[in-house]
Amino acid sequence: MIKNGHHAASAQGEEAGRSQPGEPACSPEKRKRVVRLWCDGCYDMVHYGHSNQLRQAKAMGDYLIAGVHTDAEISKHKGPPVFTQEERYKMVRAIKWVDEIVEGAPYVTTLETLDKYNCDFCVHGDDITLTVDGKDTYAEVKSAGRYRECKRTQGVSTTDLVGRMLLMTKAHHSNLNNTDYQQHTDNFGKGATVHSPWTGVSQFLQTSQKIIQFASGKEPQPGDTIIYVAGAFDLFHVGHVDFLEMVYKQAERPYVIVGLHFDQEVNRYKGKNYPIMNIHERTLSVLACRYVSEVVIGAPYAVGKDLLDHFKVDLVCHGKTEVFPDKDGPDPYAEPKKRGIFRIIDSGNDLTTDVIVQRIIKNRLEFEARNQKKEAKEMAVIEVMKRREKQQQQDEAAAQPVH
């Protein structure tokens, strides 16, 4: 059961680790202390890189709180966010490793914030986050020894996704290093000479291990209602979250399977350079959602007899978006309709990937300026770090005894 945006079991586990008022404290052998973690960020255009950071953070403890910054704070320090704060709050709540979110978390992470939410330490990726005046936002918690680091996910960044939307090429479907895409990696959000390892673009390489880490690994149980939905689920966003939450609520014990279409299939019915994210990226994005139990990678476009029988599907759902005809012309949902198990779901959210792309294009100049500014700050920090390292090496060399 999901309660208030996080698993009830997590909250119970937290309570179980504490002595109640008036009770004697448990002995260390009997009591497992709950380790509470803090992560914070903009979580703008939430992608599988953000989800992977939260997954790694959760593995370091028991109870994960995610602090999400306001639009005003992000605009001040970084530039305009693509999504509103309400959209970003909802997206982070839907990530299955998050137990609780704090709305309007301060941009600079302080010991006061960690203490306020009773967190042992905070976790951040191995990139750097800077304030408007170029200071490390984690300096205070680092010096207090209450900072932990996790690996940044290679191959994805908000910068890269924005670039894909502006570029309108299909190179990212196969991650081929064609000249258009290479030009994007060299130019988007970059000055002529700067190359920050954090803002730059690198290739995403899918592995079976990564899918296993994201997957629930749970089989459907007797009494579960198996619900099937299919689509592109491109640039996994709050419109998808609202839809999947409504699908999840269609049954007492839902087991939601999402069928993801291959890139070529999505491009056939959506055109342009869609999908923005390739099939491997879309798989992780969907698996990170708490309402999803399983993903079919490269699902057939027509929801036919074989698929329904193989997964023992009880219900097939589709949103209010347009259903494109199959290659051969017929209705891809003809079979579930014939069986009487097809249901249209109105999530009340009409956000689409197209709308997001329009937001980006409308604010293109602002986003490009934002990324150039961000990278310039990062490069300045890298230069300082290099100088410090060089000075340290010189000091160590000077301190060596002369034989």
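These legends accompany several close-up views of a predicted model.

In this prediction, local features need pLDDT of at least 70 and side-chain atom pairs count only at pLDDT 80 or more, while totals for chains, interfaces and linings use all residues. Residues are numbered from 1 along each chain as its sequence is written, and side-chain values use heavy atoms, with hydrogens and water left out.

**View A. The open sheet of five strands runs in the order 5-4-3-6-7, with parallel pairing.** Strands here are DSSP runs (E, at least two residues), numbered from the N terminus, and two of them pair if DSSP finds at least two bridges between them. Strand 5 (100–103) and strand 7 (147–150) each have a single partner strand, so one side of each is left without a neighbour in the sheet. On average, neighbouring strands of this sheet are turned by 30° against each other, direction ignored.

**View B. Strand 4 (residues 63–68) is mostly covered.** Six of its six residues are buried, meaning under 20% relative accessible area with a 1.4 Å probe, protein chains only. Tyr63, Ile65 and Gly67 point one way from strand 4, and Leu64, Ala66 and Val68 the other way. Strand 3 (residues 36–41) pairs with strand 4 in the parallel sense over six bridges. Look for Leu37 opposite Leu64 and for Asp40 opposite Gly67.

**View C. Helix 4 (residues 85–93) lies across strand 4 and strand 5.** Helix 4 runs at about 165° to strand 5. Axes are lines fitted to C-alpha atoms, for helices over the stretch in contact (heavy atoms within 4.5 Å), and angles run from 0 to 180 degrees between N-to-C directions. Helices are DSSP runs of H or I with at least four residues.

**View D. Helix 7 (residues 158–167) and helix 15 (residues 353–362) cross at roughly 90°.** Their axes come within 10 Å, and the two helices are therefore roughly perpendicular (65 to 115 degrees) to each other. Val162, Met165 and Leu166 in helix 7 meet Ile356, Val357, Ile360 and Ile361 in helix 15. The residues of this contact divide into seven nonpolar, no polar and no charged.

**View E. Helix 15 has buried residues at Thr353, Ile356, Val357 and Ile360.** Seen down the axis of helix 15, its buried residues fall within an arc of 100° (taken from the directions from the helix axis to the C-beta atoms), so they line one face of the helix.

Key
Parallel < 35°, antiparallel > 145°, perpendicular 65-115°, else oblique. Nonpolar A, V, L, I, M, F, W, Y, C, P; charged D, E, K, R; others polar. Buried < 20%, exposed > 50% of the residue type's maximum accessible area, 1.4 Å probe, protein only.
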